[in-house]
Amino acid sequence: MEPKTPKPKKTGVIRWKYALPAAIVIGLVLAFNYFFLDALLKRGLIMAGELALGAKVEIASLKLKWSDLSLTVRGVAAANKDNPMTNLVEFESARLAIKPLPLLSKKLNIEEASLTGLRWGTERKTSGALPPAKQKSYAARLAPADSPTGKLLAKLETQAETEWQALPAWDNIQKVKNQISSLSLEGVVKPENLETLKQAEALKQEAQNKAGQYRQKLQNLDVAAKVQAVQPALEELKGMQIRSAQDAAAAKDKIDTAQRKIQELQALQGQLQQLKAQAESDFGQAASLTQKLNEWKEKDLAALSSQLQLPSLSFENLTRSLVGPLWLSRVRQFVDLANTARRYMPPRKEKDKKVVQPRLHGLDVSFPLAQVPPAFLIQKLSLTGSTGGPGKTGEPVDFVGLVTNITSDPRLLGLPTKAEIKGAQSGRVYDVTAVLDHTADVPKDTVALSAQGLAASSLHLPSSDYMPNLAAGQVAFSSRFTLQGDELEADLQAALSGLKPPAAGTGDEAKKLLAELWQGVNRVNLQAKVKGRGDDLQLSLSSDLDRLLGDRLKAMAGEKLAEVRAKLMAEINKYAAAKQKELLDQYGLSKSGALGDITSTQGSVQDKIAAIQKAVQEKQAAAQQAVDQQKKQAEDQAKQKAQEQLKNLFGK
Amino acid sequence: MIGLRAVKSVFTILQSENSPMQIAGGVAIGLFMGFSPFNGPQNYLLMILLFFLNVNVASATVATALFSGLAALLDPVAHKLGFALLVSNDSLTPFWTALYNLPVVPFTRFNNTVVLGSFVLALILVIPVIFLTRAFILYYRAHWRERVGKVGVVKWLSGLNTALGIKEKL
């Protein structure tokens, strides 16, 4: 028998019997939303805030009032992701009056909002760091590392680290006095280690060698033999008797030979002269030896100073290392702010009909419509607050401010977001102006800050032993940050005044030195600038701090350092003096010996030349006389012959 | 215990007297609920439909759980589909713009690529799911119902209902 399949019950499409339970369920859902919406909203705001800021966000209470559709949030604190033990920002309460109609279109439009008790940089009792999973979500939303902003942020971070590492160690400077005062020079200068003595010995040896070399060169010229070789010709010339023209004719060859010998000797004389000049040049002057020795003494002094670890007094990097990281961290904060603003208030081109925003799942695409308000808009946000708070130093300044046109679609609104915050109290002035203009194709974010009469400690300069106690000091600064597209420009002018040297204390040499260092320095001027893009960022920092501290420390420690150096030099001189005398004596002997030999040889050659020349002249004169005499005799004979012929002619 | 209840629900649905179309309708609503954001207004609307339409609630509940898991797995596909419709296709922009600026509609988060893509996937799947479910129920009831009813586990599961009921009362 086939099993009987039960026939389905016939029912209508609508299940009226479920109407009541459905109404109850819907009612429960609505009731849940009514009673728990505040908690849900609070949770949503915390999550959104943490995702935007990358650090914990706390909200003490949140109340949505349905009667006037207002939202009141109290006790809000958002931690600083870079310094989790401080709050980036906190405020006591915020009240937002929400427009009801746009809400139906999921648009949060707020005509007026107020925020009270705004403070920043305040100390936290617990860490504001997010758990790793949330940090990962935050990191995924950051500007990609290869984007222009990502590159800019990475460059600022690495640059700040480099600047910080350049900070010279205070310990080195602290050693200045300690080292000098406890320095013992006994046994430090050892003659066998002095390069001056070794060099003096080498120079002495060199002088001796040179003298030997020139003697050898003189010998190689074989002057004595050459002079001796001339002697026979000279003797022969001297021994000649010239009485007649025939004798004169016979002497001519010998005179010519003698003159050739003279030329040979003169050539030899030339060689000697050349050798002498070379020797003079080679030996140089005694003064140059002294100069060389002095240079070696300086080198010995430097080596000994290094051996004793005498400190150098360079402060050229002080401003960069002290102020650089602080300045770059402020610039980085600004770029972070601009980046966050661009993420939540994205600039778009006029022609773009939709705006794409990444969300946890997928992308949210907005389809703005002209004449329809943006999805999020706060037209006016008035705020009050204070620069003080837990963990902050100096007298606080209360301020008031107004922020306008905070929107998710600045292009649609057509107006930039503007913020103006001003505070003045007992000579302390604080002024912040910000314009976040995302209405054009290229966004431009500008923040200008200026302050006067604020506590110098509020600058949060890195803790350094170089700095005096800033508690009594004041700071005035003016800075401007601009990020147009991905091009950054920021500058700072700051003056720290009223600085007082730290207490000298008793017994602590370091503190005494520090107090002495800052004595009389009560004002420091700083200038800083950053310009460029992520791949080409120019940083310049300058102040009179380097000069001030450098000069003062040199004045303080330089005198004592000079004393030590003088003592060391005296020790070096003591050992070097004898060696120097020995060297100069040897040098004098070698030089005069070599040159004397050459000069005396030159004299003997010259004597021989003179002797030959004299003999030649005598023989030439004798020959001339013989010729003249013979000529006269011939004339006389001719005259006599002529007279006799005339007599014979007329005597008849 | 939840797992046992789910298995029991499946057998209860299969062995019940509900019509195949009631069960298929419940599965269809469960499909949409599974592919929609949990707290979206569309889910509230679907819940209202679930209560008012004469469909099987248990099958909708089981289908919601099953399709929620499937939707999570298909998120990348849904994102691509949503991206194509919302971003790549400019001819649809006026339509989305009009929707975006209507009251209430933006609360559905239709302008999110994953949400819209999932909704479109659900639309694509709903007709086949209805017919396949109906066909499966008919086939099951014709060929397996008697045999399955005699299996010890199913009997035990049927008894579990009573046991759980007594335990809850205690």
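**Strands, a buried residue and a contact between chains**

User: What makes β11 and β12 of chain A count as paired strands?

Analyst: This is a predicted model, and in it strand β11 (residues 444-455) of chain A runs antiparallel to strand β12 (residues 474-484) of chain A, with 10 bridges between them. Pairing takes at least two bridges, so with 10 bridges these strands pair. One of the links ties A448(A) to R480(A) in β12(A).

User: And how do you know that β12(A) and β13(A) pair?

Analyst: Go by the bridges again: β12(A) and strand β13 (residues 487-497) of chain A have 11 of them, in the antiparallel sense. The cut-off is at least two, so they pair too. Look for S478(A), whose bridge partner in β13(A) is Q493(A). The two strands make a hairpin with 2 residues between them, and G485(A) in the turn has a positive phi of about 65 degrees.

User: Over in chain B, why is I13(B) called buried?

Analyst: Count the C-beta atoms: I13(B) has 20 others within 10 Å. Buried means 20 or more, so I13(B) is buried. You'll find I13(B) in helix α1 (residues 2-15) of chain B. Beyond its neighbours within four places in sequence, I13(B) is in contact with I23(B), N56(B), A58(B) and S59(B).

User: What makes up the side of chain B that touches chain A?

Analyst: The contact takes 31 residues from chain B and 33 residues from chain A. On chain B's side, the largest share, 6 residues, comes from α5(B). The residues on that side split into 16 nonpolar, 11 polar and 4 charged.

How values were computed: Residues numbered from 1 in each chain as written. Chains lettered and ligands numbered in written order. Predicted model: local features only at pLDDT ≥ 70, side-chain atom pairs only at ≥ 80, totals over all residues. Helix = DSSP H or I, 4+ residues; strand = E, 2+ residues; numbered from the N terminus. Buried ≥ 20, exposed ≤ 12 C-beta atoms within 10 Å, placed from the backbone. Contact = placed C-beta atoms within 7 Å. Nonpolar A, V, L, I, M, F, W, Y, C, P; charged D, E, K, R; others polar.
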